[in-house]
Amino acid sequence: MLASFQYLNSCIQNQSYGILDFRAKKYSKIRSYCVRCKSSLDPTLDEEKDGKRKLKILIAGGGIGGLVLALAAKHRGFEVEVFEKDLSLVRGEGQHRGPVQLMSSALAVLEAIDENVAKQIMAAGCVTGNRTNGFVDGVSGEWFTKFDLSSPAVSRGLPITQVICRMELQDILVNAVGLDIVRNNSEVVDFIEEPSKVTVILEDGRQYHGDVLVGADGIWSKVRTKLFGRQEAKYSNYTCYSGVTKFVLPCIDSVGYQVFLGLNQYFVALDIGNGNMQWFAFHKQPPMSTDPPGGKKKLLEEKFGKWCDEVIALIQETPESMILQREIYDRDMICSWGIGRVALLGDAAHPLQPNLGQGGCMAIEDCYQLIHELDQVPNTGSDAEISDAICLALRQYAKKRIRRVGIVHAATRMASKMLAMYQPSIQFKTGPLAHLSSLQITYPAFRMGRAFLQYLLPKFMTWMIAGHGLSLKSQRDRDREREAKQT
């Protein structure tokens, strides 16, 4: 396990991986990544393309990644269409996956894409990064280690980490993108790539043509299956029970979220605003297709019944009807995120386990990089030359993103294994030393692991907050570059 920590630490510090720190440019008294974007209806927008070809982008999936990509594409002057199977449920994620954590890095990207939309999102969310966050021993309730999400953001002029209701985030993005662009009840089930275009085929047989297809259709992506064949998702060995309750813990004003640790199970509690708390109970077990006898709440009370008061109270204060369950899956990282004119984004490319809350953040970062690369495609040349330029842009997008996402992917899997092994004291249940079972004898490696975690976590969190390596440019930056080229 220490070897895994050392590998992760070396990845964070190794600048040759292209993971760079960034700082906000000071345009006024407030430092932030803001861009003043023109509406897609602005008649001057095509002039601002600076000679770039107006490509048509087809997006399979209307979740967070698909909608943010559509918004970015719209502001850069691309034609864009989004195809979603069921907008009302976003593939069921609104209920089963709970709120979305948006770290400072993702919020900075949203500001760079659309300042007004970013303001709406931040107004609707609940800031957690300005409070204490960290890991807690599940039984004793004592802090294991804390981490600072505020200082790295404030020192760089970035927004502070927050959570937002998944459905509310979707509504803001759909309204910003426009219902004329987002096609509901339109599931992409197949596509055909030709030398000069790509055609998507919907479940009802309708077909649409474009220059680029982006699969943002989640972990069970049909676009990914068509590209690389059917590949089984990997079960994490954890099932997740989640609930929302109007009961709030006494520490709500000083604590953003806590991860309560135990052997083969852990419990996450976070403030989601408006007097509500969301919790997630992860338990190591084989996948199950039916509810446990007696209901989910009874099972949780049995599994966590000897834990600290905070955990027990949150479970007891949540009605059975508000408790949901789902298995946790991810996939192995792949070295290619697309072929030809087709690329993957977000969970379709790199599904993550939710223990670090980074799935939405990584998808948002993907969007900015992808649009940046497509914006480099020229408008001159033969069809073959433009096609080559599109393919190159998609390869560059994956190349520039895969290292950072790969580290986060490895960190989520490592965290899952660490949590499964959490046991601070030696248990003498049987044998000649059974009489020592009442003593709390700490494992020798426990203190060393805790010290190393306290050393690594601040570095990792700072890298997560400010190390995505994206070159975030405001509209003013792009105007200056264009003026420089003209002179």
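Visitor: Is F144 buried or exposed?

Guide: The model is a predicted one. F144 lies in strand β6, which spans residues 143-147. Residues under 20% relative accessible area count as buried. Because the relative accessible area of F144 is 9%, F144 is buried.

Visitor: How far apart are the C-alpha atoms of F144 and L453?

Guide: Along the chain, F144 and L453 are 309 residues apart.

Visitor: What share of the contacts between residues at least 6 apart in sequence join residues at least 24 apart?

Guide: The protein chain has 487 residues, of which 54% are buried. Its secondary structure comprises 14 helices and 19 strands. Among contacts in the chain between residues at least 6 apart in sequence, the share that joins residues at least 24 apart is 76%.

Visitor: Which side chain forms a polar contact with the side chain of D271?

Guide: D271 belongs to strand β15, residues 265-273, and is buried at a relative accessible area of 9%. Beyond its neighbours within four places in sequence, D271 is in contact with several residues, including C126, T128, V163 and R131. One of these contacts is a polar contact of 2.9 Å between side chains, and the partner of D271 in it is R131.

Visitor: Which residue has its backbone nitrogen 2.9 Å from a polar atom of the D271 side chain?

Guide: The side chain of D271 has a polar contact with R131. A polar atom of the D271 side chain also lies 2.9 Å from a backbone nitrogen, and that nitrogen belongs to G273.

Visitor: How are α4 and α5 oriented to each other?

Guide: Helix α4 covers residues 104-113 and helix α5 covers residues 115-124. Their axes are 5 Å apart and meet at an angle of about 140°. An angle over 145 degrees would count as roughly antiparallel, and one of 65 to 115 as roughly perpendicular. The two helices, α4 and α5, are therefore oblique.

Visitor: How many nonpolar residues does the contact of α4 with α5 have?

Guide: From α4, the contact draws on L107, L110, E111 and I113, and from α5 on E115, A118, I121 and M122. By class, two of these residues are charged, none is polar, and the number of nonpolar ones is six.

Visitor: How many of the residues of α4 are buried?

Guide: The buried residues of α4 include S104, S105 and E111, along with L107, L110 and I113. Helix α4 is largely enclosed by the rest of the structure, because the count of its buried residues is 10 of the 10.

Visitor: Is E301 buried or partly exposed?

Guide: E301 is placed in helix α9, residues 296-303. Apart from neighbours within four places in sequence, E301 is in contact with I315 and Q316. Buried residues lie under 20% and exposed ones over 50%. Because its relative accessibility is 35%, E301 is partly exposed.

Technical notes. Residues are numbered from 1 along each chain as its sequence is written. This is a predicted model: local features need pLDDT of at least 70, side-chain atom pairs count only at pLDDT 80 or more; totals for chains, interfaces and linings use all residues. Side-chain values use heavy atoms; hydrogens and water are left out. Helices (H or I, at least four residues) and strands (E, at least two) are DSSP runs, numbered from the N terminus. Buried means under 20% relative accessible area, exposed over 50%, partly exposed in between (1.4 Å probe, protein chains only). A polar contact is a pair of N or O atoms within 3.5 Å; within protein, one must be able to donate a hydrogen and the other to accept it, and residues adjacent in sequence count only if both atoms are side-chain atoms. Contact means heavy atoms within 4.5 Å. Axes are lines fitted to C-alpha atoms, for helices over the stretch in contact, and angles run from 0 to 180 degrees between N-to-C directions. Angles under 35 degrees count as roughly parallel, over 145 as roughly antiparallel, 65 to 115 as roughly perpendicular and the rest as oblique. Ala, Val, Leu, Ile, Met, Phe, Trp, Tyr, Cys and Pro count as nonpolar, Asp, Glu, Lys and Arg as charged, and the others, Gly among them, as polar.
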